[in-house]
Amino acid sequence: MPAFLVIDAAPETLAAAREAAGGRVDVRAAASLGEGLEMLRARKWDAVLLSLDFEAADLALVSRLAESGVQPNSVVLTSSRPTMQAMVESSRLGVLGLIAAPVNADELAALLREVFAGEDVVSLPPADAPADDEETAIGASPPMLEVFRMVGRVAGSAATVLVLGQSGTGKELVARAIHRNSPRSPGPFVAINCAAIPENLLESELFGHEKGAFTGAIARKVGRFERAHGGTLFLDEIGDMSLPLQSKILRALQEREIERVGGEGRIPVDVRVVAATHRDLRSAIADGAFREDLYFRLAVVTLNLPRLADRGTDLDLLIRFFVARYAVRYGRPLRGVSRTVMDLLHRHPWPGNVRELKNVLERAVLLARGPVLLPEHLPLDQLRSHTGDPAAENASPLPGYAPEMSMAQVEALHIREVLRLVRGHLGRASEVLGFHRNTLTRKIREYELEDAVRA
């Protein structure tokens, strides 16, 4: 049984600790700082609550606890006079948290869940790869395996490639993979987002300009085509490019030469182009917004990247992969992800695809202190707000809610909805709600929600 040492003279703190532990942890108490330090030397403790209200108690004690084998991410500090500076310093030391005395059992339970997580945890892969994941594309779903196969087939050629997919699906990762596995890999990989640069500057960015070509051109500028000579040029969001610039891109591809803005001579360039867009270019051609001849020049090979929502079990792979990488990057001692977190992430439609997933997981890992990623580390409001249904986004998130309801009635609705989402699993519901399981059980009886609990 896990062991939890409470170094605090207040009897109510011990009572709160026992309630927070819920009978699954051996809770022992020390009524003085000296007694607590003796007990630390006597045996191994999985977690420690330390009151800073003892005379001579300060944050330097955290390092003494570490000398006894208790790591900072297993320590909860409490004080009747917490200050901002103490909060900041305790966070820097990596402790689970600093909470105010008298201790609230539910608040303490939320912290202890990071240490005494249940067995329903999805483990992380070994962190034996570099923490920098920016050039890594992973997946095992049929659509992604087809993408990987196509990359393998076309990388060794000189053909232009058009990569199609929603924002955040990893179009640049695919472009980099094509370059990395091509004979041009010793050369440069140059990327430009055509939608991110104002139209009046994009031509200069692509082709460069001569000194004095326009107001502000105080020196010659080498454009992206020249910089990519001997390598690969990635034109991201090419569907947002104006028709005049499309004509110049087409000419550069056909003639394999460019002219700088304000220049007179033609400059040969040896560049392989990979283009990408989230737009439907065939519809744009029909609307007169995209040149058909440029489309056929670019789409010698077309790769279609699937939405994250269409990649099936790839979501599990990506969650574990990114959590492990961010844990290495930010020095977090994570060993797993709560099954409740996995359930919540699987229910989200991911309109921002892999980019959104990475954003959510990076934030969650930054907030984590213990060994398990828990629901309270997630931006739950963000995950609940993107339903993909405009009508649902304007509706109340709680079925049956009305403004004239009392807070108790709203809480009952909320608990019922969470129980529905986790299929009546009490442990997962307590994680999402931030209640201790005993508190949740009491509220279920109080609100007569027994029918929503899984047998």
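F4 stands opposite A47 in strand β3. The model that shows this pair is predicted.

Strand β3 spans 47-51, and helix α3 spans 61-67. The loop between β3 and α3 holds A60. Is A60 buried, partly exposed or exposed? A60 is partly exposed, because its relative accessible area is 47%, and the partly exposed class lies between under 20% for buried and over 50% for exposed.

A60 also has a counterpart to look for in space. S90 lies 30 residues from A60 in sequence. The C-alpha atoms of A60 and S90 are 9.9 Å apart.

## Helices α1 and α5

Helix α1 takes in residues 11-21, and helix α5 takes in residues 105-112. Their axes come within 8 Å and cross at roughly 50°. That angle makes α1 oblique to α5. The crossing of α1 past α5 is right-handed.

Which residues meet? From α1 come A16, A17, E19 and A20. From α5 come A105, L108, A109 and L112. Seven residues of this contact are nonpolar, none is polar and one is charged.

## The three-stranded sheet

Another open sheet is formed by three strands, in the order β6-β14-β15. Its pairing is mixed. Strands β6 (121-123) and β15 (372-373) are the edge strands, and each pairs on one side only.

Strand β14 covers residues 336-338. Strands β6 and β14 run antiparallel and are joined by three bridges. In one of these pairings, V121 has S338 of β14 as its bridge partner. Helix α14 (residues 339-347) packs on the sheet and touches β6, β14 and β15. The direction of α14 makes about 70° with that of β14.

## Helices α13 and α15

Helix α13 runs over residues 314-330, and helix α15 over residues 353-367. They pack at an angle of about 45°, with their axes 9 Å apart. The two helices are therefore oblique to each other. Helix α13 passes α15 in a right-handed crossing.

On the α13 side, the contact is made by L315, L318, I319, F322, V323, Y326, A327, R329 and Y330. On the α15 side, it is made by V354, L357, K358, L361, E362, V365 and L366. The contact of α13 with α15 divides into 13 nonpolar residues, no polar ones and three charged ones.

## An enclosed helix

How many residues of helix α19 are buried? Eight of the eight are, so α19 (residues 426-433) is largely enclosed by the rest of the structure. The buried residues are L426, G427, R428, A429, S430, E431, V432 and L433. Just after α19 comes G434, with a positive phi of about 80°.

Key:
Residues numbered from 1 in each chain as written. Predicted model: local features only at pLDDT ≥ 70, side-chain atom pairs only at ≥ 80, totals over all residues. Heavy atoms only, no water. Axes fitted to C-alpha atoms, helices over the stretch in contact; angles between N-to-C directions. Helix = DSSP H or I, 4+ residues; strand = E, 2+ residues; numbered from the N terminus. Parallel < 35°, antiparallel > 145°, perpendicular 65-115°, else oblique. Left-handed = near helix turned anticlockwise from the far one by under 90°. Contact = heavy atoms within 4.5 Å. Nonpolar A, V, L, I, M, F, W, Y, C, P; charged D, E, K, R; others polar. Pairing = 2+ DSSP bridges. Buried < 20%, exposed > 50% of the residue type's maximum accessible area, 1.4 Å probe, protein only.
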